[in-house]
Amino acid sequence: FPFPYTPYRIQEQFMQALYEALQAGRVGIFESPTGTVSRRGRAGPSGAAAALLTSPPWLSEEQIRRKKREERLEKIRHNVQLKYAVKRKRCEEDEAKRLLQLSKEALSQGAGEEGLDQLDHTEEELILAEYESDDEKKVVSGLEEDDDDLEEEHVTKIYYCSRTHSQLAQFVREVQKSPFGRDTRLVSLGSRQNLCVNEEVRRLGALQLINDRCMEMQKNKHEKKSDEENEGKKRRVSRTVCPFYSYEQMQFLRDEVLVEVKDIEQLVSLGRETKACPYYGSRFAIPAAQLVVLPYQMLLHEPTRNAAGIKLKDQVVIIDEAHNLIDTITCIHSAEVSGAQLCCAHSQLSQYMERYRKRLKAKNLMYIKQILYLLERFVATLGGNVNQNPGCQAVSQTGTVLKSINDFLFQSQIDNINLFKVQRYCEKSLISRKLFGFVERYGGPASAVKTNKENQKLSGLQNFLLTLQQGSDKEGDPPVEAEHDQLRAASPLMQIEGFLSALTNANQDGRVILNRQGTVGQSSLKFLLLNPAVHFAKVVQECRAVIIAGGTMQPVADFREQLLGCAGVDPARVVEFSCGHVIPPENILPIILCSGPSNQQLEFTYQTRDLPQMMDETGRILCNLCNMIPGGVVCFFPSYEYEKQVYGHWEKTGLLSRLAAKKKIFQEPKKATQVEQVLVEYAKCIKRCSQTGGPMTGALLFSVVGGKMSEGINFSDDLGRCVIMVGMPYPNIKSPELQEKMTWLDKTMPRAAGQAPSRVLIENLCMKAVNQSIGRAIRHQKDFASILLLDHRYARPAIFNKLPQWIRERTQVKPAFGSAFAELRKVRTHILHAV
């Protein structure tokens, strides 16, 4: 058999040939007791061969399936040549008919040969191809129904998901080191941004641009080469294809992936070596894989899941690091657009339509006009006009208003437009990619415009973008260069496509937030998903088993009620399991401290935490701890604002200088790019102090709950000998989004233990953040540290029971600071003895 045949395919072909031979009576085969194989001529088969001939149910089904598959392939080959020649569907909605007729009339005015502007070959790529809706495509090709018949069957597999690629890489390395590493068929999946090896595409930077460019290059490869242009035209259309999108090479890469376990970095290196696309090569390996490793955003978003070829029917899904699973689902399916983005997209799209009106097909013009109308109505809802600079339009009625999806559609006067069709058009036509190319060519202030005629047509777009930049400078935003880079990074139409997609959710599952602030440019429209279970339901319904795991999952009531209960999961199917920690009990000392050294009760509510006596008492606690505890101390504050306020107060009172005498003070930066540098300096300081000795005993790091150092950072060993939590980081209850979520929960969820669901939500959000932050200290089996919770409210049973079990079992409640200090002295003795 030729090379592409895999072993099971060889066996399948052999059994097929044998079956046909038995039917024809040409040969009979049986196995003798000695293990040899004999042949019989036309005398007929006997034994196992006879059984195979008389009862071959699985083989006959396979034969039928293969025949059907070959027929479908032949039909595809035939229909691909004809799919652009069949008539389009004639039945349209009344509004669509009217817009289509207007578009055809506009085309007929310039249909003559002299009415078409001459475009160079690079500009031809910016013109939208003729669009066919879903229904029309089915009528044309008839290929949508049985595509699954052409796919390889999926073996039973485990989908392992985590939050980041680095966490997935750690898991893959553990698999490689395990006894199962040699025999496991593992596939690592990622986005094009992580797996693309085409440098031309990677340079685009933004994920959406990379996706659109990749799809466009695929389309160019599969399309038939352009026919000769009309008589008198000698233009040649440039259609770039990806050199790495080679079926043979990707099949080879697929086999390499299945033979040996590889993480994403190794997969990318292999793709460069073999000149094959790792993004698609890894997807070809999914059906035969036993373990698929992927970010859980890819699994939780159904369109992405389907595009990747992930089938969850009867499979096992493990979602690791799932403490923020509900927030992730909500974030994936929510969307926000600003007034500036809406006006910018309208200006770009209208200028694009005017530039290429005579070359666009009627249906493209119809959909572009619908999108323009949607943008106009969205800006009008914010109280503005798309034809004016959004930075100069003041909003008369400021504030935040929440509306249901239906109410928003009616108020915006867009309820007569089929958003499903518009969304589908945006996805299939790659209009955002074409528009981005148009802006790249003509939109920049420094771009060269070739002719005076083009200057007249495009000056409006240039001036508009320039006024946006100048307006931003006046408001104190980033300078022109930074703003221009942001405009080049992605088209605003991409964000708007996400908002349109969000509006197709069911009316009861979300709300639209109209945030009117100052000017139209500063105002925004946001879709807020209220019911994440509606998007998680398909996962739990299709899978054989779903494992939601994490180091600090408490409290788990949110997962059980908001996610699984609302998704229709039978409570009997839900099994909870919580295990202890690997560290010995004496290696951790959690303390709930109710009062400070001067007997000031610790209660950091919004009303009391700003009092000078509360900030002074907190400073005295830190001074005592820093004098005694060696190494690193990490102190978490509820917010950046409160941390800044306390820091300023301590500077005025001189307490900060007393702290700095024992520990060098570091602050968590707001910029993510500076986090690594701060952590490196923090670690160097602690190491230097431990080696040299002297009055300086280590470092003190001020961090923020929910910030960049509260998750995923390892303060192991001397980096975190004590973690301090100042107060309880309750979310901002005045947030309109949180208030709407609370109202929705009170209407849809039952009361639990006498508490309203909204109150339970607030406590759970607080304690999830606390549990993540205090878990930074204990990072391995031999690690040890103390944990201080500075607020007497932690001792309340409802709050106390939401601490992780391995911490709760060892937690001591100390009403006074003296007894807590004595316990901490024991920890200090333990640390010094260990050192």
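Guide: A disulfide is a covalent bond between the sulfur atoms of two cysteines. To call one here, a pair of cysteine sulfur atoms has to lie within 2.5 Å. Keep in mind as we go that this is a predicted model.

Visitor: How many disulfides does a search of the whole structure find?
Guide: The search comes back with zero disulfides.

Visitor: Is C626 buried or exposed?
Guide: Buried means under 20% relative accessible area. C626 has a relative accessible area of 2%, so this cysteine is buried. C426 is buried too, at 4%.

Visitor: What share of the chain's residues count as buried?
Guide: Of the 835 residues, 49% do. As for the surface, the chain exposes about 41,400 Å², with carbon and sulfur atoms supplying 51% of that area.

Visitor: What does the secondary structure of the chain come to?
Guide: You'll find 35 helices and 18 strands. For contacts between residues at least 6 apart in sequence, 79% join residues at least 24 apart.

Visitor: And what pLDDT does the chain average?
Guide: The average is 77, and 73% of the residues score at least 70. Residues 30-46 have a pLDDT below 50, and that stretch makes 25 contacts in the model beyond near neighbours in sequence. Residues 111-115 are also below 50, with three such contacts.

How values were computed: Residues are numbered from 1 along each chain as its sequence is written. This is a predicted model: local features need pLDDT of at least 70, side-chain atom pairs count only at pLDDT 80 or more; totals for chains, interfaces and linings use all residues. Side-chain values use heavy atoms; hydrogens and water are left out. Helices (H or I, at least four residues) and strands (E, at least two) are DSSP runs, numbered from the N terminus. Buried means under 20% relative accessible area, exposed over 50%, partly exposed in between (1.4 Å probe, protein chains only). Contact means heavy atoms within 4.5 Å. Accessible areas come from the Shrake-Rupley method with a 1.4 Å probe; for residues, only the protein chains shown count as cover. pLDDT is the predictor's confidence in each residue, from 0 to 100.
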